[in-house]
Amino acid sequence: MRIVGIDPGLNRTGYGVVDSAGTRSGEQRVVEGGVCKSRQKDELGERILAIYSDVCEVLDEFKPAVMAIEQLHSRYAFPKTAILMGHVRGAIYLAAAERLIPVYDYAPTRVKNVITGAGHASKEQVQMSIAALLGLDEPPHPDDVADAFAIAICHALVARTPAAV
């Protein structure tokens with residue numbers, strides 16, 4: 001099964017596409033990883049459109065069976081960030097819905113726990129674990145790509161849906 005993991009962000013949205021042969025560690029293979037970018041100087045609508053368009057290209061090129069995306073998380077001190085991230089996630093969900101791709105979301109702590117064994121693991125620990133799980137010589141960069149691969153692998157390892165097994 002082909003899974004696309006998405007780490008949503010307004011500046012950079014990371015994506016990681018993996019093929020999964022099962023629900024055990026080591027049964028996943030890298031297909032592609034990268035980032036969808038927007039320009040900070042652009043208006044919000046243009047930035048959302050840039051992310052949406054890039055995600056559509058990824059979905060059309062790699063044709064995943066499912067999408068796994070990081071759940072929205074934000075600190076109460078920064079409500080504007082949560083609202084902006086909601087816009088980005090909405091555009092990503094729309095891209096998936098237009099292609100009839102089911103979307104599963106995972107809390108960052110759940111992803112880290114599945115990938116590293118620790119729900120509060122550092123970015124470096126996640127990157128090193130992803131490199132080991134995917135048999136890479138070095139961790140994926142930037143962090144957004146490593147996080148996207150982590151989300152995709154998390155789905156492969158924990159999904160309990162008939163389509164995911």
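Five strands make an open sheet with mixed pairing, in the order S3-S2-S1-S4-S5; two strands count as paired if DSSP finds at least two bridges between them. S3 and strand S5 (103-106) lie at the edges with a single partner strand each, so one side of each has no neighbour in the sheet. From one strand to the next the twist averages 20°, with axes fitted as lines to C-alpha atoms and angles running from 0 to 180 degrees between N-to-C directions. This is a predicted model, in which local features need pLDDT of at least 70 and side-chain atom pairs count only at pLDDT 80 or more, while totals for chains, interfaces and linings use all residues. Residues are numbered from 1 along each chain as its sequence is written, and side-chain values use heavy atoms, without hydrogens and water.

**Strand pairing**
- S1 and S2 run antiparallel and are joined by six bridges; the two form a hairpin with four residues between them.
- Asp7 stands opposite Gly14 in S2.
- Nine bridges pair S2 with S3, also in the antiparallel sense, and Arg12 has Lys37 in S3 as its bridge partner.
- S4 and S5 run parallel, with four bridges between them; Glu70 has Tyr106 in S5 as its bridge partner.
- Eight of the nine residues of S2 are buried, where buried means under 20% relative accessible area with a 1.4 Å probe, counting protein chains only.

**Helix H1**
- H1 (residues 44-62) has 19 residues and spans 27 Å from first to last C-alpha, close to the 27 Å expected at 1.5 Å a residue; the expected span is 1.5 Å times one less than the number of residues.
- The buried residues of H1 include Ile48, Ile51, Tyr52, Val55 and Leu59.
- Strands S1 (2-7), S2 (12-20), S3 (28-37) and S4 (66-70) and helix H2 (79-98) are what the buried residues of H1 pack against, with contact meaning heavy atoms within 4.5 Å.

**Whole protein**
- The protein has five helices and five strands, taken as DSSP runs: H or I of at least four residues for helices, E of at least two for strands, numbered from the N terminus.
- From the N terminus, the elements run β-β-β-α-β-α-β-α-α-α.
- The C-alpha trace spans about 45 × 35 × 30 Å along its principal axes.
- Of the 165 residues, 47% count as buried.
- Among contacts with a separation of 6 or more, 61% come from residues 24 or more positions apart.

Key: Buried means under 20% relative accessible area, exposed over 50%, partly exposed in between (1.4 Å probe, protein chains only).
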